[in-house]
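Keep the viewer open as you read.

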Amino acid sequence: MKKILVTGGAGFIGSNFVKEIIQTYPQSEVVNVDLLTYAGNLENLKDIEGHHNYTFIRADIRNKDKIEEIFAQFEIDTVVNFAAESHVDRSIVEPEIFLTTNIIGTQVLLDVAKRHWKINPDDKYCRNYRDGVKFLQVSTDEVYGALGKTGMFVETMPLEPNSPYSASKASADLIVRAYHETFGMPINITRCSNNYGSYQFPEKLIPLIIYNCLNSKHIPVYGDGMQVRDWLHVKDHCSAIETVLRKGRVGEIYNVGGNNERANIEIVKLILDVLGKGKDLIRFVKDRPGHDRRYAIDNTKITTQLGWTPKYTFEEGIKETINWYLDNLDWVEGVVNGDYLTYYQQMYEL
Ligand code: NAD
Ligand code: DAU
């Protein structure tokens with residue numbers, strides 16, 4: 001029986017993952033540790049509240065004593081680390097918390113996992129671990145930096161992160177890699193492109209467009225709107241992580257993406273069309289500082305070596321997502337306040 005610690009499981013991707021894993025592996029025990037920052041919400045998990053193989057603990061991944069206690073109590077053998085500050089705009093305004101949560105938090109988890117999983121507790125530099133243990137770091141394609149008009153991110157590329165957010169995620173990746181190289185820690189890293197789907201906080205592009213459309217508010221498009229992202233449905237990201245947990249070769253990094261490149265302005269127009277709103281809601285505003293122009297993922301490694309493929313087409317995924325927001329207006333109102341502006345709008349008065 002697997003005993004899985006999921007961190008950040010009350011956020012967007014983490015909550016989708018926890019719900020999937022509990023259904024797919026009824027024999028596993030899932031412990032969800034989340035600090036419940038503005039981005040974490042127990043409403044996302046109400047379907048599984050009280051489930052026999054699920055426990056929620058409100059805690060900070062930077063709190064070593066608490067993480068020690070959780071490892072000891074639940075005999076954790078697998079970690080999936082989603083917990084992070086995840087919004088690029090916020091990292092431009094307030095970088096520090098990105099460094100403490102995303103880097104130090106990851107190092108604390110690694111350290112505690114190392115102590116609990118090594119075969120010889122007295123050996124500081126032990127490279128031998130109990131069978132079946134694994135630390136999976138959920139990372140992002142943003143660690144690679146920006147692409148020009150052509151080319152794709154491959155796992156062997158150098159890291160050139162441009163925002164405090166992506167620099168903190170790249171630093172975490174390097175710490176995870178170092179624990180593997182120095183201490184032999186059994187790890188995998190996944191680097192995924194932009195996700196969309198249910199329960200995404202409306203500070204991110206797609207739910208922000210939907211929210212603003214529904215409230216007939218202007219949609220702020222940064223710069224010329226021609227920045228390109230490679231969009232993947234959150235459930236496809238979750239299935240990729242689950243595949244890497246089961247089949248990923250220890251020490252390996254896997255890119256995850258859906259071969260679905262779209263310019264931001266194209267996404268804005270598509271959602272306006274589906275919701276029957278006019279283009280007059282579009283406002284081109286000052287660009288995000290250090291804005292990465294284009295991301296595109298080469299997912300050859302995970303598809304050929306592990307047999308993972310995305311299931312959703314963007315057309316069906318986006319319609320399903322829009323319908324989810326329409327059906328869950330209470331959830332949206334619960335996570336934002338009535339005068340809601342994005343963090344970036346508030347700071348720069350766009
Ligand atoms: P999110 O912001 O929706 O959720 C983050 C969760 O982490 C929240 O529930 C929050 O309460 C929790 N958290 C924050 N600080 C914590 C701390 N110190 N201790 C414990 N919990 C804490 O983020 P998301 O979009 O679901 O992203 C999850 C992970 O996936 C992140 O690591 C992110 O870098 C990565 N990722 C996201 C995307 C994307 O498109 N959203 C793409 C690739 C990778
Ligand atoms: O690529 C993976 C990353 O995708 C994840 O690691 C991050 O956690 C996640 O937040 C996301 O980062 P982005 O910066 O790409 O996502 P965001 O939704 O903030 O923005 C998507 C694009 O839309 C980006 O080019 C900026 C633009 N944008 C965003 C907002 C919020 C706008 O033009 N207007 C907006 O109001």
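A salt bridge here is a side-chain nitrogen of Lys or Arg within 4 Å of a carboxyl oxygen of Asp or Glu. With that in hand, a search of the whole structure turns up 17 salt bridges.

Before going on, some ground rules. This is a predicted model, where local features need pLDDT of at least 70, side-chain atom pairs count only at pLDDT 80 or more, and totals for chains, interfaces and linings use all residues. Residues are numbered from 1 along each chain as its sequence is written, chains are lettered from A and ligands numbered from 1 in the order in which they are written, and side-chain values use heavy atoms, with hydrogens and water left out.

**Charged pairs**

| Pair | N to O distance |
|---|---|
| R288 and D89 | 2.7 Å |
| E203 and R90 | 2.8 Å |
| R249 and E252 | 3.8 Å |

Start with R288 and D89, whose side chains meet in a salt bridge. R288 sits in the loop between β13 (282-285) and α9 (300-306), while D89 belongs to helix α3 (residues 88-93), so the pair ties together parts that are 199 residues apart in sequence. Helices (H or I, at least four residues) and strands (E, at least two) are DSSP runs, numbered from the N terminus. Both R288 and D89 are buried, where buried means under 20% relative accessible area, exposed means over 50%, and partly exposed is in between (1.4 Å probe, protein chains only).

E203 is buried at 5% relative accessible area, and R90 is buried at 17%.

What about R249: buried or exposed? R249 counts as exposed, at 57% relative accessibility. Its salt bridge is with E252, and bridges with shared partners join R249, E252 and K301 into one network.

Now for the helices. The axes of helix α1 (residues 12-24) and helix α7 (residues 234-247) come within 9 Å and cross at roughly 60°. That makes α1 oblique to α7. Axes are lines fitted to C-alpha atoms, for helices over the stretch in contact, and angles run from 0 to 180 degrees between N-to-C directions. Angles under 35 degrees count as roughly parallel, over 145 as roughly antiparallel, 65 to 115 as roughly perpendicular and the rest as oblique. As for handedness, α1 passes α7 in a right-handed crossing; a crossing is right-handed if the near helix is turned clockwise from the far one by less than a right angle, and left-handed if anticlockwise.

Another crossing involves α6 and helix α10 (residues 314-327), whose axes come within 11 Å and cross at roughly 50°. α6 and α10 are therefore oblique to each other, and their crossing is right-handed.

**Positive phi in two loops**

Y199 has a positive phi of about 70° although it is not a glycine. You'll find Y199 in the loop between β7 and α6, buried at 10% relative accessible area. S216 is another non-glycine residue with a positive phi, near 50°. S216 lies in the loop between α6 and β8 (219-222) and counts as partly exposed, at 47% relative accessibility.

Which residues make the nonpolar surface patch of about 220 Å²? L214, L326 and L329 do. Patches are made of residues with over 30% relative accessible area and no salt bridge, with like charges joined within 9 Å and nonpolar side chains (Val, Leu, Ile, Met, Phe, Trp, Tyr) within 5 Å. L329 lies in helix α11 (residues 329-335) and is partly exposed, with a relative accessible area of 42%.

Moving inside, L272 in helix α8 (residues 264-274) is buried, with a relative accessible area of 0%. I76, in the loop between α2 (64-74) and β4 (78-81), is buried at 2%.

Methods: Areas by Shrake-Rupley, 256 points an atom, 1.4 Å probe, with all protein chains shown as cover.
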